[in-house]
Amino acid sequence: MREAMLPVYAPPEEIFTRGEGMRLFTEDGKVYLDFIAGIAVNALGHAHPKMVEALKDQAEKLWHTSNMFRVRGGEELSEKYCANTFADQVFFTNSGTEAIECALKTARKYHYVNGEPHRQEIITFTGAFHGRSFAAINAGGNPAYLEGFGEPMAGFKQLPFGDMHALKAAISKDTCAVLVEPVQGEGGVRDIPESCLIELRKLCDETGTLLIYDEVQCGAGRTGKMFAHQWCEGKADPDIMAVAKGVGGGFPMGACLVTEEAGKGMRPGSHGSTYGGNPLAMAVGNVVFDELAGEGFMEEVRRVSGTLKQGLASLKDRHPEIVEEVRGKGLLCGLKLNRAPKPVQQLAREKNLLVGVAGDNVLRLAPPLIATDADIREAVEILDACLTEAKAQES
Ligand SMILES: *Cc1c(COP(=O)(O)O)cnc(C)c1O
C-alpha cells in the first residue's frame with residue numbers, strides 16, 4: 001500500500017493504531033515506550049482524557065466557520081498566551097511552518113510601515129530548521145532541503161551558529177530580523193546559553209532589528225518553562241514568536257505571537273488562513289495550555305528533566321567510546337554520538353523504545369512531558385543495552 005505514498009519519508013514497518021500516555025500500540029499488540037512523541041508534539045502523551053473529551057465535545061457542536069467569524073475558543077486561548085508571555089496579540093495557524101511564515105511577513109511589514117521598506121534581510125544560523133515552505137527552507141538554509149527547488153530566495157543570510165562577532169558585523173541598515181531557535185531541534189539539539197540570548201536581545205534593541213524566536217519545538221513546556229526563552233526571566237523576550245507542535249498536543253495547530261508594536265503593520269487583509277484557529281484546534285489548544293499552566297506541572301517537568309539528564313550522563317560515562325556529549329535542555333535532549341545515530345535508533349526500536357535523531361550525529365529524545373522517573377529509567381536501560389550492542393557490532 002505504501003507505493004501510493006509520495007516517498008518523502010522512509011518509515012519502518014510498524015503501524016501504530018492506538019496510544020495511551022507514554023505508550024504506543026501496534027495492531028498486533030506490540031507495545032512501545034514513546035520517547036519522541038511525534039517529534040515533541042504529544043506534550044500530554046497519547047489520548048489524554050481531557051483532550052479527548054474536549055475534542056469530542058467540540059466535534060458534536062461546531063467544526064468550522066473560517067475566520068470570517070469570531071471563534072470564542074481562539075479569543076480565549078490568545079488571551080491566555082498573552083497573559084503568560086511577552087505577547088499582545090496572536091495569529092493562529094495549522095503548523096509550525098505557517099507560524100514562521102506569519103512571523104517573517106509580520107517582521108517585513110513592520111519595517112515597511114515604519115518607512116524603512118529596505119529592511120528585508122532575515123538573519124538565521126547554521127543548523128536552523130524552520131519548516132518546509134519556500135520561505136522556511138530559505139530561512140533554514142540546509143542545502144539538502146534547498147536542492148532542486150530553484151534559485152535561493154533573496155533576503156536571507158545565514159551565519160555560523162553561536163558566532164556573536166559575525167552577527168554584530170552582519171547587522172546592517174537592511175536587516176529586518178534575527179530568527180533563531182532558543183534550543184535548536186533538528187540541527188542537533190543545541191541550546192543557546194541564556195547570556196547569549198540576552199546579548200542578542202540587546203543587539204537587536206540597539207539596531208532596531210526585530211528578534212523572532214522559533215519555539216515550535218522547544219516551546220510548550222518542553223524545557224521546563226512554558227517557553228524556552230522564559231529561562232531568561234524577561235531579559236531576552238522576542239518581538240515575535242512562532243509556536244506549534246506541543247501547543248496542540250497532537251492536533252495540528254500553531255501560533256504566531258507578537259507585541260503590539262511588532263504587529264502594527266498587520267491589518268485586515270495583510271494575512272490569513274482558512275483553518276487557522278478553527279474551533280476543533282482551539283478546543284484542544286485550550287486544554288493543553290491549561291494543563292501545562294496547571295499547579296506544579298512545570299516543576300514536575302523540571303524535576304523529571306533532571307532524572308533524564310542524570311541518566312544520559314551515566315550513558316556517556318559508560319559508553320565513552322560512542323557518546324561524546326549530552327545535549328539539550330529539559331525534555332528536549334539527546335546524545336551526540338561519534339557516529340550516525342540511525343543504527344542506534346533502530347536497535348532501540350527493536351527493543352520497543354522509540355527515539356529520534358537530529359543533525360550532528362545526535363540521538364534525539366523528546367518524550368511526552370508526563371514522563372515519570374520509571375519511564376526514564378526504562379528508556380535509559382534500553383539505550384544502555386543499545387549502545388553496548390552498537391559497540392559489539394563494530395568489532
Ligand atoms: C517542526 C518545526 C518547524 C515546522 O513545523 P511544521 O509543523 O512541521 O510545519 C519549524 N521550526 C521548528 C524549530 C521545528 O522544529
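How many residues of the shell around the ligand are nonpolar, how many polar and how many charged? By class, there are two nonpolar, six polar and three charged residues. For this count, Ala, Val, Leu, Ile, Met, Phe, Trp, Tyr, Cys and Pro are nonpolar, Asp, Glu, Lys and Arg are charged, and the others, Gly among them, are polar.

Before you click further, note that this is a predicted model, in which local features need pLDDT of at least 70, side-chain atom pairs count only at pLDDT 80 or more, and totals for chains, interfaces and linings use all residues. Residues are numbered from 1 along each chain as its sequence is written, and side-chain values use heavy atoms, with hydrogens and water left out.

**Stop 1: the ligand**

Select the ligand together with Ser95, Gly96, Thr97, Phe129, His130, Gly131, Glu181, Asp214, Val216, Gln217 and Lys245, the residues that surround it. A residue is near a molecule if one of its heavy atoms lies within 4 Å of it.

A polar side-chain atom of Lys245 is 2.6 Å from an oxygen atom of the ligand. Asp214 places a polar side-chain atom 2.7 Å from a nitrogen atom of the ligand. With Phe129, look at the backbone instead: an N or O atom there lies 3.2 Å from a nitrogen atom of the ligand. On its own, the ligand has 380 Å² of accessible area, and the protein covers 83% of that. Accessible areas here come from the Shrake-Rupley method with a 1.4 Å probe; for residues, only the protein chains shown count as cover.

**Stop 2: the nonpolar core**

Next, select Phe35 and Leu167. In the largest nonpolar core, which has 79 residues, these two touch the most other members. Such a core is a set of buried Ala, Val, Leu, Ile, Met, Phe, Trp, Tyr and Cys residues joined through side-chain atoms within 4.5 Å. Buried means under 20% relative accessible area, exposed means over 50%, and partly exposed is in between (1.4 Å probe, protein chains only).

Which helix gives the most to this core? Helix H12 (residues 373–394) does, with eight residues. Helices (H or I, at least four residues) and strands (E, at least two) are DSSP runs, numbered from the N terminus. If you colour by domain, you will find that the core draws at least three residues from each of domain 1 (2–34 + 298–394) and domain 2 (50–292). Those bounds come from an automatic or database domain assignment.

**Stop 3**

Go to the loop between strand S12 (254–258) and helix H9 (279–292), where Ser273 sits. Is Ser273 buried or exposed? Ser273 counts as buried because its relative accessible area is 19%. A polar atom of the Ser273 side chain is 2.8 Å from the backbone nitrogen of Gly276.

Asn278 is in the loop between S12 and H9 too. Asn278 is buried at 10% relative accessibility, and its side chain makes a polar contact with the side chain of His64 at 3.5 Å. A polar contact is a pair of N or O atoms within 3.5 Å; within protein, one must be able to donate a hydrogen and the other to accept it, and residues adjacent in sequence count only if both atoms are side-chain atoms.

**Stop 4: two positive phi angles**

Most residues other than glycine have a negative phi. Ile39, in helix H1 (residues 37–40), is not a glycine, yet has a positive phi of about 60°. Ile39 is partly exposed, with a relative accessible area of 31%.

Then pick Asp360, in the loop between strand S16 (356–358) and strand S17 (362–365). Asp360 is not a glycine either, and its phi is positive, about 65°. At 37% relative accessibility, Asp360 is partly exposed.

**Stop 5: C-alpha pairs**

Finish by drawing some C-alpha distances.

- Gln58, in helix H2 (residues 49–59), is 226 residues from Val284 in sequence and 9.0 Å from Val284 in space.
- Ala177, in strand S7 (residues 175–180), has a relative accessible area of 0%; Ala177 and Arg119 are 58 residues apart along the chain and 8.4 Å apart.
- Ala170, in helix H7 (residues 164–170), is 13 residues from Val183 along the chain, with 22 Å between them.
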